[in-house]
Amino acid sequence: MDLSDRLEPVLDSARQSAREVDADGSFPVQALDALRRSGLLGLTLPPREGGLGGGPEELVEVLSALAAVCGSTAMVYLMHVSAAMAVAAAPPAGHPTLLPRLASDSLATLAFSEVGSRSHFWAPVSRAGREGDKIALRAAKSWVTSAGHAEVYVMSTLAPQADEGAVDLYVVLADSPGVEVAGSWRGLGLRGNASSPMRFELLAHDGDRIGEPGGGFDLMLQSVMPWFNVGNAAVSLGLAQAALDATVAHASGARFQHTGEGLADLPTIRAQLSRIALDLAMARAYVEKAARSLAAPDDSTMLHVLGVKAAANDMALRVTDTAMRVCGGAAFSEHLQLERFFRDARAGHVMAPTADVLYDFYGKAITGRELF
């Protein structure tokens, strides 16, 4: 699938606003409008629903390119795709036109994390309750990307039935009474992605539920986490690539006037550049392998899902850290944008599921232990 004609206008829009989005912490409205016009909101949704029918490999292509320009826009887009794929896995009966809307112009996001369970996104502590034929949703959510900007929220809560730990996912429309942003967002990195806390206090219907009663946990692990982890890894690729490109350009052009030497004439600098270029190349190969495996699942797919985000997140930390060191004082100024890539790259490592949690899961998997 050739996505260049759809992607280039989006990249142009994101490029024009990226500095302002970071400096002001403003939501990337201009880039999101371009995404809507491009049809890429429906990249991974089926053509019968108005989507493009793309898979994980196409998602990696789009997200890595977008993250290299604006990490905030890339994260907003990743959350939309992750939420849309949950809906696509088990469309809620009460929203028959939702998928076509998500494929065209309605921005979606996930509302999973809660203060009580922190980065263990799969374990909400809020619980839905039955009120006649309706379902009372009362939850305080933290770190909701696109808070106040998304039209559709996919939120999690413990199911009202007695089964211990059973989780339900619900579609909540932004204009529903009882949906509100509960705080502001001013982050170290990804400053424009509006990851604010939210409160949900509303009455829903069974037709708002995604999947069968108590089926939310399986949907999180089988439909949301694979797409999110591969996509998040792609964001790390894009940020690292942008940092490497900026570092190579600076090292190739900067010179010592008193000696006539360039930075890239120094063997220590070339060695540092080589290390991060190879680090990035190896991570890219693994992300692409994981995407291919997700597109055609086999016995190794879940291992790749568990490993790919952590490996790529840590690679981006190493690459951006080295880039800052190689470029020295120039890296701290705005003109290279390295400090933005450095800050944005730090988010992936601590974003649920965190890299450390995923390493633990991976270790459990390869030693034959249960993940949960």
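**Helix packing around H6**

User: In this predicted model, which residues of H7 does H6 meet?
Analyst: On the H6 side, the residues are Pro226, Trp227, Val230, Ala233, Ala234, Leu237, Ala240, Gln241, Leu244, Thr247, Val248 and Ala251. By class, the contact of H6 with H7 has 19 nonpolar, 2 polar and 1 charged residues.

User: Are H6 and H7 roughly parallel or roughly antiparallel to each other?
Analyst: The axes of H6 (residues 216–253) and H7 (residues 267–295) come within 10 Å and cross at roughly 155°. Angles over 145 degrees count as roughly antiparallel. H6 and H7 are therefore roughly antiparallel.

User: In which hand of crossing does H6 pass H9?
Analyst: The axes of H6 and H9 (residues 338–350) come within 10 Å and cross at roughly 160°, so H6 and H9 are roughly antiparallel to each other. The crossing of H6 past H9 is left-handed.

User: How many charged residues does the contact of H6 with H9 have, by class?
Analyst: H6 contributes Asn232, Leu239, Ala242, Ala243, Ala246 and Thr247, and H9 contributes Leu338, Phe341, Asp344, Ala345 and Gly348. By class, the contact has 7 nonpolar and 3 polar residues. The number of charged residues is 1.

User: Is Cys327 buried or exposed?
Analyst: Buried means under 20% relative accessible area. Cys327 has a relative accessible area of 5%. Cys327 is therefore buried.

Terms used: Residues are numbered from 1 along each chain as its sequence is written. This is a predicted model: local features need pLDDT of at least 70, side-chain atom pairs count only at pLDDT 80 or more; totals for chains, interfaces and linings use all residues. Side-chain values use heavy atoms; hydrogens and water are left out. Axes are lines fitted to C-alpha atoms, for helices over the stretch in contact, and angles run from 0 to 180 degrees between N-to-C directions. Helices (H or I, at least four residues) and strands (E, at least two) are DSSP runs, numbered from the N terminus. Angles under 35 degrees count as roughly parallel, over 145 as roughly antiparallel, 65 to 115 as roughly perpendicular and the rest as oblique. Contact means heavy atoms within 4.5 Å. Ala, Val, Leu, Ile, Met, Phe, Trp, Tyr, Cys and Pro count as nonpolar, Asp, Glu, Lys and Arg as charged, and the others, Gly among them, as polar. Buried means under 20% relative accessible area, exposed over 50%, partly exposed in between (1.4 Å probe, protein chains only). A crossing is left-handed if the near helix is turned anticlockwise from the far one by less than a right angle, and right-handed if clockwise.
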